[in-house]
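I opened this entry to note what I looked up, one item at a time. The structure comes first, then my notes.

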Amino acid sequence: MAYLNAEQREELARDLVNQKFNQAKWRLLKMDPKGRLVFFRNTQEVGYLMTRFELPTSGVTVTLYEHPGSKTNPETHKTKVANTMAQVIVEPTSENKA
């Protein structure tokens with residue numbers, strides 16, 4: 001697979017921002033066999049959970065930003081995690097000149 005150009009990176013970001021976290025995660029892991037998870041739900045910015053993937057075959061790093069949240073069931077009063085995808089940034093690696 002060739003490196004992703006600017007249009008393909010923007011299209012990937014638009015597609016991923018509309019998906020749930022697990023769907024986006026598995027899509028990225030399947031996209032590049034040499035891909036790796038750099039960090040998982042790290043809190044480097046206030047109000048966001050950040051997850052970064054490095055895809056060397058595609059020549060990009062993808063950062064998923066999530067808003068942490070929760071839902072409470074009114075009947076059982078159980079709280080459930082309900083993070084929402086806020087933003088996806090797809091950046092070229094240093095080798096990617098496309």
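I looked up the contacts of Thr93 and found Gly59, Val60 and Thr61, leaving out residues up to four places away in sequence; contact means heavy atoms within 4.5 Å. The model is predicted, so I note that local features need pLDDT of at least 70 and side-chain atom pairs pLDDT 80 or more, while totals for chains, interfaces and linings use all residues. Residues are numbered from 1 along each chain as its sequence is written, and side-chain values use heavy atoms, without hydrogens and water.

Thr93 sits in the segment after β6 (84-92); strands are DSSP runs of E, at least two residues, and helices are runs of H or I, at least four, numbered from the N terminus. Is Thr93 buried or exposed? I found Thr93 buried, because its relative accessibility is 14% (buried is under 20% relative accessible area, exposed over 50%, partly exposed in between, with a 1.4 Å probe and protein chains only).

Next I looked up Val88, which lies in strand β6. Val88 has a relative accessible area of 11% and is buried. I listed its contacts beyond four places in sequence: Ala13, Leu16, Val17, Val62, Thr63 and Leu64. Val88 and Leu12 are 76 residues apart along the chain, and their C-alpha atoms are separated by 8.9 Å.

Last, I turned to helix α1 (residues 6-17) and helix α2 (residues 21-31), which pack at about 145° with axes 10 Å apart. Leu12, Asp15 and Leu16 of α1 meet Ala24, Arg27, Leu28 and Met31 of α2. Axes are lines fitted to C-alpha atoms, for helices over the stretch in contact, and angles run from 0 to 180 degrees between N-to-C directions.
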